[in-house]
Amino acid sequence: MTPQSIQPPADEGNTAFTSLLTTTDWNAEWMRLQDFRRSADNAAFWDKRAPSFGSKDAPSPYILRFIELMDPAPGSTLLDMGCGNGGLAVPLAQAGHKVVAADFSRGMLDVLEQEAAAKGVTKRITPVHMSWSDDWNAHGVGENCVDYAFASRSIATRDLEESLMKLNRAARKRCFCTLCTGASPRSDSRLLQELGLGDAIGRDYLYAFNILALKGFKPELTYIVSKRYDSWSSFEEALESLTRMVDSAATPLGQDRRRQALDLLPGWLERELVENADAGKLDDHGEEQKSLTLSQPREISWAFISWSAH
């Protein structure tokens, strides 16, 4: 039998193929998503929360993994944008690096300065009261001012491309950021999937990756995964908490879908809520665990994106 050659598809008017991957304006789509998703971050809100965000004596597994992946050369200079309470800035300073620690929350910077003093690294950390939208030059954060620039779980900005390029401009060597790979860190991806809301799980990191790639960078990608063990004192308390999780889905829900999901939630919770064998022990946040928990811990996955600055 003579092999048949593969024939091209029938002519349909010679319509050219258009790749949405390379022609979609990912930053414009990101901005539209932010318009629906949430109000702009409020510095006053974080000022109020700052006192409860005191750093622990030992960095968390997330912090340790972030530093391991970043792997800065000895004695480097770094920009920690959205530094919060210094969870990364303080251990990096303890390791001998010099850190410009920037945040728009004065309250968070106050906590960072207390932590730096307690750890004896005040001289290695320069706090800067600055937001993503500010003129960074006016705050002394100019072009090529540090070896490395990074944003750990802190790019909650409307203009993602501008934020990434500000990091890039500040760094001489490399840039790093982490963004969610699935549901909001306040949500449970498994819960959303089983309530029929799988498409409401966000993919924030893909926007950053695509923006960087289409601007000519070669972003590298790996993951930092952690588990959260939520606990509650009663079924009612758990139901209220998980209702908030549904409402914080990464992609906003319409009222009909929200109502349908919440109708399913009590039955799901009755199946999944179990006695907490670790009740009374302290969790990763230093809080005492309560009597009830879910049969499986909540998994939080962060995409660690890095690229060479230019």
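Helices here are DSSP runs of H or I at least four residues long, numbered from the N terminus. By that rule, helix α6 covers residues 106-119. The model is predicted.

Start with the whole chain. The secondary structure comes to 11 helices and 10 strands. The chain has 310 residues, and 42% of them count as buried. Take the contacts with a separation of 6 or more: residues 24 or more positions apart account for 74% of these. The accessible surface comes to about 16800 Å². Carbon and sulfur atoms hold 51% of that surface.

Now turn to helix α9, residues 204-214. Its buried residues are Asp 204, Tyr 205, Tyr 207, Ala 208, Asn 210, Ile 211 and Leu 212. What do the buried residues of α9 pack against? The helical partners are α1 (20-23), α2 (26-37) and α7 (160-170). The list also holds β5 (171-180), β6 (220-228) and β10 (298-308).

Asn 210 deserves a separate look. Asn 210 sits in α9. Its relative accessibility is 15%, so Asn 210 counts as buried, the cut-off being under 20%. Leaving aside residues up to four places away in sequence, Asn 210 touches Leu 21 and Trp 26. Just after α9 comes Gly 216, with a positive phi of about 95°.

Next, the charged pairs. The structure holds 17 salt bridges. One of them joins Asp 110 and Arg 106, with the closest N and O atoms 3.2 Å apart. Both residues lie in α6, 4 residues apart, so about one helical turn separates Asp 110 from Arg 106. An α-helix has 3.6 residues a turn, so residues three or four places apart point the same way. Asp 110 is partly exposed, with a relative accessible area of 33%. Arg 106 is also partly exposed, at 32%.

Arg 244 and Glu 240 meet through their side chains in a salt bridge, 3.4 Å from N to O. Arg 244 has 49% relative accessibility and counts as partly exposed.

Where does Asp 247 find a salt-bridge partner? The partner is Arg 258, and the closest N and O atoms are 2.6 Å apart. This pair links distant parts of the chain. Asp 247 belongs to helix α10, while Arg 258 belongs to helix α11 (residues 255-272). The two are 11 residues apart. Asp 247 is partly exposed, with a relative accessible area of 42%. Arg 258 is partly exposed as well, at 26% relative accessibility. Some salt bridges share partners: Arg 106, Asp 110 and Glu 113 are joined in this way into one network.

How many disulfides does the count give? The count is 0. Cys 175 is in no disulfide, and the nearest cysteine sulfur, that of Cys 177, is 8.7 Å away. A disulfide calls for sulfur atoms within 2.5 Å. Is Cys 175 buried or exposed? Cys 175 is buried, at 0% relative accessibility. Cys 177 is in no disulfide either; its nearest cysteine sulfur is that of Cys 175. Cys 177 is likewise buried, at 0% relative accessibility.

Note on methods. Residues are numbered from 1 along each chain as its sequence is written. This is a predicted model: local features need pLDDT of at least 70, side-chain atom pairs count only at pLDDT 80 or more; totals for chains, interfaces and linings use all residues. Side-chain values use heavy atoms; hydrogens and water are left out. Buried means under 20% relative accessible area, exposed over 50%, partly exposed in between (1.4 Å probe, protein chains only). Contact means heavy atoms within 4.5 Å. Accessible areas come from the Shrake-Rupley method with a 1.4 Å probe; for residues, only the protein chains shown count as cover. A salt bridge is a side-chain nitrogen of Lys or Arg within 4 Å of a carboxyl oxygen of Asp or Glu.
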